[in-house]
Amino acid sequence: MRSKFLGIGLTLLFFLILEITVRVTGIHYLEQPEIFFVNLKKNFVESGKGDADIIVLGDSRSMALAGYARDDKTEYSVYNHSLPAMGPKYYRFFLDKYLKMGNKKPKMVLFAASPKLYATGYGPPLYDPDAKVVKENESISNFMKRRWNEGIEKNFFRPQTKSNVISYSGKQEDANQILWEFFGHRYLHQFTFLELAEQYSGVERLFILSKATPLLYESYRFHGAIRNSLSYSNWKVDKQYKEKSIFCESCENIEAGLCKPSPSQLEDNLTIEDQINRHFGKYNISNRLKPELVYFSKEMIRKELDAELKNPNDHFNPNPDFVVLEDLIRYTEEKGIQFGMVYLPWIKERQESPESKVLLSKLIIFFQNHPATKLFFFPESSYPAERFVDNIHYDCRGEKRVNEEFRQFVLPQVFRFLSSK
């Protein structure tokens, strides 16, 4: 009996030591790059050191925009706080956290998200992302009543409907579960358990907290980093990694296949950190892709665009839902922060589609009805498809172009607007 308790005690002691070690060390530097990136941004916000005059908010496409320090040529400092795949609810919550953590209140928020995140409302709840059953979040009582009725109807009177199951790598799994596993860590790593509890309500709160509970243990939160730490190769760091980081900002070097992510997880993440710090939040994730994968992806885009041109989609909702923008503008007004939006260039064929033209016309009218805000444009609202690696993200040359125009054409407009206020 004594030996059993001794074994249990030693096991608990091991996990206690592991938990403390993870909490007091920078173990996240050995995490996978997506989780490391989100934690890097989270730690920056929680440090309270943010002091930019203008902060950019957006998604993975707007992550390609570089920020700038204030100098003789830059009237206002700019920092890019865009994050990938966070969903439309993220923006207001992020701003609230940014201010609560003691960061300097920005003079302006520059919104740069893709249309799907600002023109389609907040979408269905996290626990039913396809809106198969509900379109909006429910109270717990309504949820239990619905589930009770569904249990009777579906089990006794209805045949089972086919679930959204796909096969991959010899496995079968629900597509939404796969998407959650791939993107869900953005929510769970960017906000604390208590922050998530405040941000959600009803059944959606139960769902997100059930996912967040295991992450209360740092040893689980960074289990990927712990696993990576067991390999000596992940600890190796080239002393010239910063020089390599600069070397890999050249499109010629990226396209030649000379800039693949380092096999060392620590060096790879240090390189990501270096680029984010030097460019004030910017990181173009498509620059990490292998040239052959970029080529294949571009070929797929071309085929999709050709098919769409032959069979254009004329059945779309002509009434976009701008509630996300409404809430953001209301929040910034309450906090005394100016609000602007920059309309990022998209693929030419997609931008010139009837749906995009209708959306843009409605967006212009929306901003005309909010005269205290401003909508900013690039010289052209579309780029050739060759400047994208997929339907969303710029390739290296697309990133170079969008940043040149952002610095030389868009930011001067933003600075003049801000100065006039």
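How are H2 and H14 oriented to each other? Let's start there. Keep in mind that this is a predicted model.

H2 covers residues 33–47, and H14 covers residues 265–278. Their axes come within 10 Å and cross at roughly 40°. Angles under 35 degrees would count as roughly parallel. H2 and H14 are therefore oblique to each other. The crossing of H2 past H14 is right-handed.

Who makes the contact? On the H2 side, we have Pro-33, Phe-36, Phe-37, Leu-40 and Lys-41. On the H14 side, they meet Gln-265, Asp-268, Asn-269, Ile-272, Glu-273 and Ile-276. By class, the contact of H2 with H14 has six nonpolar, two polar and three charged residues.

Next pair: H16 and H18. H16 spans residues 323–335, and H18 spans residues 354–368. Here the axes come within 12 Å, and the crossing angle is roughly 25°. That makes H16 roughly parallel to H18. This crossing of H16 and H18 is right-handed. Leu-325, Glu-326 and Ile-329 come from H16. Their partners in H18 are Leu-363, Phe-366 and Phe-367. The class count for H16 with H18 is five nonpolar residues, no polar ones and one charged.

Now the whole protein. What does the inventory of helices and strands look like? The protein has 19 helices and nine strands. Is the overall size as a globule rule would give, or off it? For 421 residues, a compact globule would have a radius of gyration near 22 Å. The protein has 23 Å, so the two agree. Along the principal axes, the C-alpha atoms fill a box of roughly 75 × 65 × 45 Å. Of the 421 residues, 46% count as buried. Then contact range. Take contacts between residues at least 6 apart in sequence: 77% of them join residues at least 24 apart.

On to one helix, H3, residues 90–100. Which of its residues are buried? They are Tyr-90, Tyr-91, Phe-93, Phe-94, Leu-95, Lys-97 and Tyr-98. Note the lysine in that list, Lys-97. Just after H3 sits Gly-102, with a positive phi of about 90°.

That brings me to backbone angles. Most residues other than glycine have a negative phi. Two residues here go the other way. Ala-131 is not a glycine, yet has a positive phi of about 55°. Ala-131 lies in the loop between H4, residues 115–118, and H5, residues 140–157. Ala-131 counts as partly exposed because its relative accessibility is 28%.

Phe-280 is the second case. Phe-280 has a positive phi of about 55°, and again is not a glycine. Its loop runs between H14 and H15, residues 291–310. Phe-280 has a relative accessible area of 28%, so Phe-280 is partly exposed.

Last stop: Ser-77. Where is Ser-77? In the loop between strand E1, residues 54–57, and strand E2, residues 78–80. Is Ser-77 buried or exposed? Buried, because its relative accessibility is 11%, and the cut-off for buried is under 20%. Leave out residues up to four places away in sequence, and Ser-77 touches Asp-51, Ala-52, Asp-53, Ile-54, Tyr-68, Ala-69 and Arg-70. Compare Leu-12, 65 residues from Ser-77 along the chain. The C-alpha atoms of Ser-77 and Leu-12 are separated by 49 Å.

To recap the helix pairs: H2 and H14 are oblique, while H16 and H18 are roughly parallel.

Definitions and conventions. Residues numbered from 1 in each chain as written. Predicted model: local features only at pLDDT ≥ 70, side-chain atom pairs only at ≥ 80, totals over all residues. Heavy atoms only, no water. Axes fitted to C-alpha atoms, helices over the stretch in contact; angles between N-to-C directions. Helix = DSSP H or I, 4+ residues; strand = E, 2+ residues; numbered from the N terminus. Parallel < 35°, antiparallel > 145°, perpendicular 65-115°, else oblique. Left-handed = near helix turned anticlockwise from the far one by under 90°. Contact = heavy atoms within 4.5 Å. Nonpolar A, V, L, I, M, F, W, Y, C, P; charged D, E, K, R; others polar. Rg over C-alpha atoms; globule rule 2.2 N^0.38 Å. Buried < 20%, exposed > 50% of the residue type's maximum accessible area, 1.4 Å probe, protein only.
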